[in-house]
Protein chains: 2
Amino acid sequence: MVDMDKLVILVNSFGSALVSVGEELGVSVNLNKSQVTQGVKVQNVCAAALIGIVGGGIQGTAIVLLEKNSFDVVITAMTGGMITPNIDDAMSMSVIGELSNMVSGRAITQSAMVGVDVTPPQLIAGDNIRNVPNQAPGIRCFTLPFTMVCSGATLYLVLSFHIGS
Amino acid sequence: MVDMDKLVILVNSFGSALVSVGEELGVSVNLNKSQVTQGVKVQNVCAAALIGIVGGGIQGTAIVLLEKNSFDVVITAMTGGMITPNIDDAMSMSVIGELSNMVSGRAITQSAMVGVDVTPPQLIAGDNIRNVPNQAPGIRCFTLPFTMVCSGATLYLVLSFHIGS
């Protein structure tokens, strides 16, 4: 269980972690702060990488979701053009997994959470993937949309945490 | 990290947990033992529920994936027909989350793993969802296909664990 203070810290840390990791990888993204929403609001997603976050009193999931265009940009940038972007290719998809791993690792470090462990990324490819909000009581969900500076394509970070008081 | 002995126990426990949970919920399923494969092999999936499994030396994910027909059967059976199956409805999807929760809880209890925690289920709806195998070294993936006795529809359980020696 996470209290609201921790939750705010985590959401902010994930937002800035994606921006700084992106910067280092050569994929500049801006967080659209005005469009950060509770719940899940994503469109045209063809690929997603999920990471479970557990321990130190936290139970949650972080998900990176990409449109076709942002998927292509990320794969090309992160591999220096050595891998042709293809959502049905496990090599391409593992690059997305690595991105979500780096973002989660940095966000957890930055938010100074102790004893937190993450699961290996789970990679999902499909057509028009939408992450449906979990309706269970005590779960808070946030969607952070990012715009790629180079192409204007969108990339989403969905965070979902069990909260307590 | 899980050693191979623990991995076999976990995979078997998950298989029997889904059968016994299904039985109690009024959804009889048979595990197609001959079609259990390493890697990920799923078809025509429209809905998925993912649960992260972390702690006690384990890092992994359990995913229930459903075809449209098996989705309909599960929702109708688990809610006694009170909820109309619809992959874009959060109520329907939360039923799938609950199923994955029950199966994971039972499997972890049955396999006598200590200190293992699970994340809340993450629910994914989409068209033709395929779970792409994670290529990272040290990760083992298994697909367990189940057939519904009532309709012959298929339901999949994909398990993915970090392994060590």
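Biologist: In β6(B), what is the bridge partner of Leu123(A)?
Modeller: Val132(B) is the bridge partner of Leu123(A) in β6(B). Helices (H or I, at least four residues) and strands (E, at least two) are DSSP runs, numbered from the N terminus. This is a predicted model, where local features need pLDDT of at least 70, side-chain atom pairs count only at pLDDT 80 or more, and totals for chains, interfaces and linings use all residues. Residues are numbered from 1 along each chain as its sequence is written, and chains are lettered from A in the order in which they are written.

Biologist: In which sense do β6(A) and strand β6 of chain B pair, and over how many bridges?
Modeller: Antiparallel, over 7 bridges. Two strands pair if DSSP finds at least two bridges between them.

Biologist: How many residues of chain A are in contact with chain B?
Modeller: 36 residues of chain A, with 36 of chain B. Contact means C-beta atoms, placed from the backbone, within 7 Å. On the chain A side, β6(A) supplies the largest share, 11 residues.

Biologist: Do the copies meet through the same surface or different ones?
Modeller: The same surface, because 100% of the interface residues of chain A are also interface residues in chain B.

Biologist: By what turn can chain A be laid on chain B?
Modeller: A turn of 180° with a shift of 0.0 Å along the axis, at an RMSD of 0.0 Å. The two copies are therefore related as by a two-fold rotation axis. The superposition is by least squares on the C-alpha atoms of residues with pLDDT of at least 70 in both.

Biologist: Changing topic, where is Gly57(B) found?
Modeller: In the loop between β3 (45–55) and β4 (58–67) of chain B.

Terms used:
Two residues are in contact if their C-beta atoms, placed from the backbone, lie within 7 Å.
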